[in-house]
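Let's take a walk through a protein model and see which side chains pair up. Have the picture open as you read.

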Amino acid sequence: MANTAALEGINGLRDIRRSPASHLASALEAGSVEGTVVLKEGPFQTMAGIRVDPRSEQGSRIASVAGGLPARCGEVAGSDGVSVLWLGPAEFLVVAPEEAHDSLGGDLIGSLTAALGDAPGQVVDLSANRTTFELSGPRARAVLEKGCAVDLHPRSIKPGTALNTEVGNIPVVLLKSGEESFRLFPRASFADFLGRWLLDAMREYASPEVP
Amino acid sequence: MLLISCPNCGSRDETEFHYGGQAHVAYPENPNDLTDREWAEYLFYRDNTKGTFAERWLHSTGCRQWFNMLRDTVTYDIQAVYPMGTPRPAAAGAAAVAAPDAGTASTAPDSTTTGTAAPSTTATSISPTSTASSTTAPEGATK
């Protein structure tokens, strides 16, 4: 259960909050190759971990708040900027803009908690658990394929698909956000490693292609 | 690298999974009635099968769900993936018979017969009373 009452007091700390890969910002900019592959860290996001049986009554209550629950691996549900990613048959990750957080005037966590009520399941505020890397460009898939065994060919993974998998031996949630763009959600403690790993994988595309 | 077909997520790399040991090891109905030896055997002794083996796996970086798998410990051939709580599929018998023909014909039958038959013949030749203790003793413990 999310302890939303305790969050009211953190508003004053918002300005000094640093993202897990903020120290890499200049390196990410220097390592990006405009028009080929670009890597940057995304903005803070509100995330909530949900564990609920989607076929149950509380599951349908949560689905109505979150904008639906995905039914199977890879699916992403949600509406109005809120995405619900499938992590397991009864486990989901809600990703929303930062303003949706209760401490910043939103009501996402609170309304999810209220929808669950006392029924079996859990709603946990995971906003600080993961950071976001946005990898885009024609070579984005080639970069990921150096360390991700999932078939990333466009014929098998469509935009709007999210997979819980490994990239560079790091467990990440990989979301294909566009035809040539991916969003990676590594846990905060892996952000430094994964950021540097991706930069290393991108290095070759800064040089002219060897025919 | 094994390519394991998770019932929820489809084919994924072996590195996403964790091994959970032998499947179908039932919890004793009355643990208090067991002798120390029987309890220790339930806790610590597992089959070391050469050939088709039923084992548990966890898709730890994917859907975090457990499932059972029939895998050949010699060829690493995955013969079946089935949910937790369901009995071992019958297809295993046919696959196990077919396995010696696949190329391990000289070693496979030889080693499996010594593993099971040898302790029983020695026990009967010595005395019938020792049969009970020697058959309940795990095969690996006599070596």
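## A salt bridge to start with

Look for A:Lys146 and A:Glu204, whose side chains meet in a salt bridge at 2.6 Å, N to O (a salt bridge being a side-chain nitrogen of Lys or Arg within 4 Å of a carboxyl oxygen of Asp or Glu). This pair links distant parts of the chain: A:Lys146 sits in the loop between α4 and β8 (161-167) of chain A, while A:Glu204 is in the segment after α5 of chain A, 58 residues apart. (Helices here are DSSP runs of H or I with at least four residues, strands are runs of E with at least two, and both are numbered from the N terminus.)

(Buried means under 20% relative accessible area, exposed over 50%, and partly exposed in between, using a 1.4 Å probe and protein chains only.)

## How to read this model

This is a predicted model, where local features need pLDDT of at least 70, side-chain atom pairs count only at pLDDT 80 or more, and totals for chains, interfaces and linings use all residues. Residues are numbered from 1 along each chain as its sequence is written, chains are lettered from A and ligands numbered from 1 in the order in which they are written, and side-chain values use heavy atoms, with hydrogens and water left out.

## More salt bridges

At 59% relative accessibility A:Glu57 counts as exposed, and at 32% A:Arg61 counts as partly exposed.

## Chain A as a whole

Now zoom out. Chain A has five helices and 10 strands, and 48% of its 211 residues count as buried. Among its contacts with a separation of 6 or more, 60% come from residues 24 or more positions apart (contact means heavy atoms within 4.5 Å). The chain exposes about 10,100 Å², with carbon and sulfur atoms supplying 51% of that (accessible areas come from the Shrake-Rupley method with a 1.4 Å probe, and for residues only the protein chains shown count as cover).

## A sheet in chain A

Strands of a sheet pair through backbone hydrogen bonds, either parallel or antiparallel. In chain A, an open sheet of five strands runs in the order β3-β4-β5-β2-β6, with antiparallel pairing (two strands pair if DSSP finds at least two bridges between them). β3 (76-77) and β6 (122-125) of chain A stand at the edges with a single partner strand each, so one side of each is left without a neighbour in the sheet.

Strand β2 (residues 45-51) of chain A is joined to β6(A) by four bridges, and the two run antiparallel. A:Gly49 stands opposite A:Val124 in β6(A).

The structure holds five aromatic pairs over all chains. Rings of Phe, Tyr and Trp (its six-membered ring) pair if their centres lie within 6.5 Å; planes under 30 degrees apart count as stacked, over 60 as edge-to-face and the rest as tilted. B:Tyr19 and B:Trp57 are edge-to-face, because their ring centres are 5.3 Å apart and their planes at 70°. B:Tyr19 lies in strand β3 (residues 18-22) of chain B and B:Trp57 in strand β4 (residues 52-58), 38 residues apart. B:Tyr19 is partly exposed at 42% relative accessibility, but B:Trp57 is buried at 6%.

Last stop: the charged end of A:Arg17 sits over the ring of A:Phe44, 3.9 Å from its centre (this needs NZ of Lys or CZ of Arg within 6 Å of the ring centre and within 35 degrees of the ring normal).
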